[in-house]
Amino acid sequence: MRIILAAVLVLSSQLAWSGNEDLRDGQVRENGHGQLEAWDKENSRWLSMEGFWQAYADRKGGYTWGASREYPPYEQVNEFDTLLIQLDHGNCLMEFFHSRWRRANDVRRWDERFNEYGACARVFD
């Protein structure tokens, strides 16, 4: 009986692992509660959209400019700096790339649904 149980546990862990191999970093799904989640490939887990942004920023040393309603002074910003911009419609992770602020998804090319999440759809209005 123990051998069968051990075999079932090994097989189930292999099946769970093989399902995650095909997931790409930043892939988005809707969970059972109707909320969007993003796959964090480095940590092999599903996170809330903002949790995914936080994990990404943490890997880089944290949000360079924190979370703010205002953009930092242009002359103080460096390539790949990040900022969680807070607007009336929600938040959007921004990354400074090629001399201007862009949605992090436009730089990183995660799932397109990031561009519609929170304030990202209207961040340039």
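Which residue in S3 is the bridge partner of Glu-37? Keep that in mind while you load the model, which is predicted.

**Stop 1: the open sheet**

Select S1, S2 and S3. These 3 strands form an open sheet in the order S1-S2-S3, with antiparallel pairing. Colour the edges next. They are S1 (28–30) and S3 (45–48), and each pairs on one side only. Look along the sheet: the twist averages 40° from one strand to the next.

Now show S2, residues 36–40, together with S3. Here 4 bridges join the two antiparallel strands. Pick Glu-37, and the opening question is settled: its bridge partner in S3 is Ser-48.

**Stop 2**

Move on to S4 (residues 67–68) and S5 (residues 82–87). These two run parallel, joined by 2 bridges. Select Ser-68 and look across to S5. Its bridge partner there is Ile-85.

S5 and S6 run antiparallel, and 6 bridges join them. How many residues does the hairpin from S5 to S6 pass through? The hairpin uses 2 residues. Zoom in on Leu-87, which stands opposite Gly-90 in S6.

With the backbone displayed, recall one general point. Strands of a sheet pair through backbone hydrogen bonds, either parallel or antiparallel.

**Stop 3**

Switch to aromatic side chains. The count comes to 11 aromatic pairs. Start with Tyr-74 and Phe-96. Their ring centres are 5.6 Å apart and their planes stand at 70°, so this pair is edge-to-face. The cut-off behind that label is a plane angle over 60 degrees. Tyr-74 sits in the loop between S4 and S5, while Phe-96 is in strand S6, 22 residues apart. Is Phe-96 buried or exposed? Phe-96 is buried, with a relative accessible area of 5%.

Next, select Phe-80 and Phe-97. The centres of these rings are 5.6 Å apart and the planes meet at 45°, so the pair is tilted. Phe-80 lies in the loop between S4 and S5 and Phe-97 in strand S6, so the pair ties together parts 17 residues apart in sequence.

Key: Residues are numbered from 1 along each chain as its sequence is written. This is a predicted model: local features need pLDDT of at least 70, side-chain atom pairs count only at pLDDT 80 or more; totals for chains, interfaces and linings use all residues. Side-chain values use heavy atoms; hydrogens and water are left out. Two strands pair if DSSP finds at least two bridges between them. Axes are lines fitted to C-alpha atoms, for helices over the stretch in contact, and angles run from 0 to 180 degrees between N-to-C directions. Rings of Phe, Tyr and Trp (its six-membered ring) pair if their centres lie within 6.5 Å; planes under 30 degrees apart count as stacked, over 60 as edge-to-face and the rest as tilted. Buried means under 20% relative accessible area, exposed over 50%, partly exposed in between (1.4 Å probe, protein chains only).
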